[in-house]
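User: Hi! I am new to reading protein models and would like to go through one with you, one question at a time.

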Amino acid sequence: QVQFVESGGGLVQPGGSLRLSCAASVSLFSFKSMAWYRQGPGKQRELVATVSSGGNTYYVDSVEGRFTISRDNAKKLVYLQMNSLKPEDTAVYYCNVVGRYDNWGQGTQVTVSS
């Protein structure tokens with residue numbers, strides 16, 4: 001069964017950094033593109049970044065240059081390094097397989113506030 005456990009969120013001041021982790025119970029993990037999504041207060045869930053099986057990455061414009069997605073295939077982990085955080089980054093962050101919109105984990109709350 002597909003399962004995701006996200007962790008690493010918290011309260012941080014503007015300009016600060018956090019590193020999120022996602023433990024993915026996904027068959028053939030190393031062959032699948034993985035993504036981080038987020039859902040801010042009163043907003044729809046949106047894509048943040050993706051990493052392909054080969055390590056190619058994609059970022060939405062709002063996080064380009066500030067966030068870095070990576071993966072550890074041996075451990076079935078996906079990371080999101082977030083730097084220069086802004087209040088508008090406040091959201092619950094989720095990971096999932098690219099193209100899948102089910103089996104969501106509980107997410108991890110990121111709050112950027114002074």
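Analyst: Let us begin with a term: buried means under 20% relative accessible area, exposed means over 50%, and partly exposed lies in between (1.4 Å probe, protein chains only). The model is predicted, so local features need pLDDT of at least 70 and side-chain atom pairs count only at pLDDT 80 or more, while totals for chains, interfaces and linings use all residues. Residues are numbered from 1 along each chain as its sequence is written, and side-chain values use heavy atoms, with hydrogens and water left out.

User: Is Ser52 buried or exposed?

Analyst: Look for Ser52 in the loop between β5 (46-51) and β6; strands are DSSP runs of E with at least two residues, numbered from the N terminus. Leaving aside residues up to four places away in sequence, Ser52 touches Ser33 and Arg71, where contact means heavy atoms within 4.5 Å. The relative accessibility of Ser52 is 18%, so Ser52 counts as buried.

User: In what order do the six strands of the open sheet lie?

Analyst: Two strands pair if DSSP finds at least two bridges between them. The pairing in this open sheet is mixed, and the order of its six strands is β2-β10-β9-β4-β5-β6.

User: Which strands are the edge strands?

Analyst: An edge strand here pairs on one side only.

User: How many bridges join β4 to β9?

Analyst: Strand β4 covers residues 34-39 and β9 covers residues 91-97, and the two run antiparallel. Along this pairing, Arg38 stands opposite Tyr93, and Gln39 has Val92 as its bridge partner. The number of bridges joining β4 to β9 is six.

User: How many residues of β9 are buried?

Analyst: Ala91, Tyr93, Cys95 and Val97 point one way from β9, and Val92, Tyr94 and Asn96 point the other way. Residues on both of these sides are buried. Strand β9 is therefore largely enclosed by the rest of the structure, the buried count being seven of the seven residues.

User: How far apart are the closest N and O atoms of Asp89 and Arg38?

Analyst: A salt bridge is a side-chain nitrogen of Lys or Arg within 4 Å of a carboxyl oxygen of Asp or Glu. Asp89 sits in the loop between β8 (77-82) and β9 and Arg38 in strand β4, 51 residues apart, so this pair links distant parts of the chain. Both are buried, Asp89 at 1% relative accessibility and Arg38 at 5%. Their closest N and O atoms are apart by 2.9 Å.

User: Which residues are linked in a network of salt bridges?

Analyst: Asp89 also meets the side chain of Arg66 in a salt bridge, at 2.7 Å from N to O. Arg66 is in the loop between β6 and β7 (67-72), 23 residues from Asp89, and is buried with a relative accessible area of 10%. The linked residues are Arg38, Glu46, Arg66 and Asp89.

User: Is Asp102 buried or partly exposed?

Analyst: Asp102 forms a salt bridge with Arg100, with the closest N and O atoms 2.9 Å apart. Arg100 has 33% relative accessibility and counts as partly exposed. Asp102 has a relative accessible area of 33%, so Asp102 is partly exposed.

Technical notes:
Helices (H or I, at least four residues) and strands (E, at least two) are DSSP runs, numbered from the N terminus.
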